Amino acid sequence: MTDSHPLFEGLGVGRAASPAAIVIFGASGDLTRRKLMPALQTLMARDQLRAGTSIVGVGRSDLGDEGFRRRMAESVRSAGGDGPVDERAWSALEGGFRYVSGGYDDPATYKRLAEVVEDLDRERGTGGNRLYYLSTPPAVFADVVGHLGTVGLHRPAPGGTFARVVIEKPFGHDLASARALDRDLHEVLDEDQLYRIDHYLGKETVQNVLALRFANSIFEPVWDRRYVDSVQITVAEAEGVGHRAGFYEDAGALRDIMQNHLLQVLALTAMEPPVSMSPKGIRDEKVKALGAVDVLAPSEVAAEVVRGQYRAGWVGGAKVPGYLDEEGVAADSRTETYLAMRLRIDNWRWAGVPFYLRTGKCLPRRVTEVALQFSGVPHLPFAPTQAAQLSPNALVLRIQPDEGITLRFGAKVPGQTFDVRTVSMDFSYGAAFAEEAPEAYERLLLDALLGDPTLFIRTDEVEQAWRVVQPLLDAWTEDRTPPAGYDAGTWGPPQADRLLERNGHRWRRP
Amino acid sequence: MATAVTTGVITVGTWQECDTTIAPVLGALDRLRRSDRRGAVRASFLTLLAVGGERVEVDEVFDTVHRLGPFQPSRVIVVRVLRGDHHRLDARVGVHLQSRGSQCVGIDDVALEVAGPVTAHLDSLVEPLTLPDLPVVVWCRERLPPARSRLIDLADHLVVDTVAAGGRSRLPAVARLHRRTPVIDFAWLRLFPLRRRLAASFLRPDLRRLLDEVEAVTVTGPEVDRALLAGWLLDCFPGAVVGEEGDHASMSITLEGDDFRMSVETAPNALTATLTRDGHQPWRSESAWSPPTTDGLLAESLLGLRSDPVFTRALSRT
């Protein structure tokens, strides 16, 4: 899947994409400044983008080419901690900044865009290759794609060029709207032109779940209901809603994290071995895993799901306001900032194993992890006092921060007595590899340019994920009960503890 | 009693900032660890949190911990709580390497000086700094944590010193803490040599049976020691009359039966055991002894990391 040729062999360049016009809708937004532009600059610095690659911003602001270039330069500088910009990479990109000012619903915007990218083909040799990145509110996805279709920008030019569209989550706000969005997008684009991005899948450690499971013979044999007692997946954020209240009020933890990041990690954890690491091989198995999730009946939601909302508290030594006191949040908001649920996966591998999922804002620390807790031994031949410090075996995949893997098992405490205590065997990415892992957006942008959709979400994955969470939305529409309160800086409401205690489990302290 | 040893600690890098937040501290730890490839191999033992007031000498705590050698925690966090109403958070980070035989492992020090309202929410400062999947030991050097402190919930074990924390009157509070989170009390660990000596004095089979005939027990020593010893012995000899005498600097335990008297006591450099029995020659044994150091007590606490059921029972009888 490399866009290269034999002369590059042995030069250590690795994967590199042909020159293209990268068109960013919403170019004056936060994502472009914080993630996209720094990622593009890094890719260029690593020779993974070719000279001629150009970046076209589209937005309502009246920036102009020079204003856009200055803003992008600033974003690269601030992403580097005010360190030096990679001059060679920057000079390769510098002449390729263009800006098209206009409304997303204005046909004139797209006519100007068509002229700009055709000019770039001539001036900078982008060769008709287009990558459209929709960093816009989801409500305009269909409009933008429709207009691209109207002016013919959605079609690859003859001669092996490409036209691909990357869209950012959320993909719909429920099952019906996700289906409607897909219909609209597919009226213009083929599925293989659509790259639905979930940046979690670009993280090295998320991808390492596949490596751990399917490149080793020691884990897969115990990766099932015979040995695994329960699975916990945690996506915890220490930050509050901040300046995203406008978005978050509508999304909540369910749409912001659970429907996408968490269920994607669940799918990678629970899926069957793929026939190959091809995009189809992996995505087919993820869809099957999500399809095996037992959808809760509306009557089960109250018992199997806990939603919470943070109150004022302390996180990281700083006082934070309660959610209802955040700017832009309705005084009577019932938006959940915390969500914990128990899921069942009804298939041969996982029948009877509870999957506990939780996510929340204003939790004590930022952490994402998957923890498999294994069943106990059939018979423990130690006196209770000897094994008092022994906890169940666990395999913990730390996705962020401090990426790595921990295996927890019992070992004899050195000494004359035979006491057994749980110890950790630790693998740390930082210790094992000298290379810095690429940022998620670097990986995903390059994949999209190269046409590798493995780490992007296919339409049927989106639909399966909505199928899992739709009953929650339905139940909450009827249920006027406010979310359970929890103090910022704690691990969520006590109801979440009770959710596990019913099965004799407890949440890990990650 | 575990012995602290001095081992070479090589500093990989340091960072400090006044009026900061936890995010830069975490960033500095990550950066410093990655700055030296060897430093990236993290020790996998425990996180030790030492909390104290203005009198705490931060470097003294680090020095004490670094002297623990093989018992050196993977990360040591020292929080110095300062007086004052204004918010203050100053941080200092050190990442070090320590040789353990043929291995070289990375260990971290974090010093925080805090003042203002955050001092009532230390858990929010500390929890992000704890290492996942390793026990968290909270060392309360000067005083017991307030019952409402969430630091207690953060801890897998609390290390306290009832003597430093205010003496005998604090034992009920220690007992309450112990019911919530296992407590390791330096005051209890200090009694081990004396308890071991007493136990060893009854190893001979003909003396072993005397333990069934103990009618009276007398303990002397500083008040906390007396109380804990009395609690322990009450548990061991439920039928005996247990009394405490005086407020001596040295400790002693005397067990008496109808026809015998066994006494062990501390002297400046020795532990002495004396037995008198009707119809037998008096027996006396002396062994070298010196009061355990803070280093040794801390090493003992961290090595065991278990809830001592004998301490639990003794405490319940104080």
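Which residues of β1(A) point one way, and which the other way? In this predicted model, Ala21(A), Val23(A) and Phe25(A) point one way from the strand. Ile22(A) and Ile24(A) point the other way. Both sets are buried. In a regular strand, side chains alternate between the two faces of the sheet. Strand β1 of chain A spans residues 21–25, and five of its five residues are buried. The strand is thus described as mostly covered.

The partners of β1(A) come next. Strand β2 of chain A, residues 54–59, runs parallel to β1(A), and five bridges join the two. Within this pairing, Ala21(A) stands opposite Ser54(A). Between β1(A) and β2(A) the chain passes through helix α1 of chain A, residues 30–45. This β-α-β crossover is right-handed. Strand β4 of chain A, residues 130–134, also pairs with β1(A). The sense is parallel here too, over five bridges. In this pairing, Ile22(A) stands opposite Leu131(A).

Chain B was examined as a whole. Eleven helices and 14 strands make up its list of elements. The C-alpha trace of chain B spans about 75 × 45 × 30 Å along its principal axes. Of its 318 residues, 46% count as buried. Contacts in chain B between residues at least 6 apart in sequence were also sorted by separation. Among these, 69% join residues at least 24 apart.

One sheet of chain B was followed strand by strand. It is open and has six strands, in the order β10-β9-β11-β12-β13-β14. The pairing is mixed. At the edges lie β10(B), residues 241–245, and β14(B), residues 283–288. Each of these edge strands pairs on one side only. On average, neighbouring strands of the sheet are turned by 10 degrees against each other, with direction ignored. Inside the sheet, β11(B), residues 252–256, and β12(B), residues 260–267, run antiparallel. Five bridges join these two strands. Leu255(B) stands opposite Met262(B) of β12(B).

Two helices of chain B relate to these strands. Helix α9(B), residues 223–236, packs on the sheet. It touches β9(B), residues 216–220, as well as β10(B) and β11(B). The direction of α9(B) makes about 160 degrees with that of β9(B). Helix α7(B) covers residues 192–200, and Leu194(B), Arg197(B) and Leu198(B) are buried in it. Seen down the axis of α7(B), the buried residues fall within an arc of 100 degrees, so they line one face of the helix. An α-helix has 3.6 residues a turn, so residues three or four places apart point the same way. The cover over the buried residues of α7(B) includes β11(B), β12(B), β13(B), residues 270–277, and β14(B).

The two chains also meet. Chain B gives 25 residues to the contact, and chain A gives 25 residues. On the side of chain B that touches chain A, α1(B), residues 22–35, and α3(B), residues 122–126, each supply at least two residues. The most comes from α1(B), with four residues. Sorted by class, this side of chain B has 13 nonpolar, five polar and seven charged residues.

Notes
Residues numbered from 1 in each chain as written. Chains lettered and ligands numbered in written order. Predicted model: local features only at pLDDT ≥ 70, side-chain atom pairs only at ≥ 80, totals over all residues. Pairing = 2+ DSSP bridges. Axes fitted to C-alpha atoms, helices over the stretch in contact; angles between N-to-C directions. Contact = placed C-beta atoms within 7 Å. Buried ≥ 20, exposed ≤ 12 C-beta atoms within 10 Å, placed from the backbone. Right-handed = clockwise from strand over helix to strand, strands pointing away. Nonpolar A, V, L, I, M, F, W, Y, C, P; charged D, E, K, R; others polar. Arc of directions from axis to C-beta.
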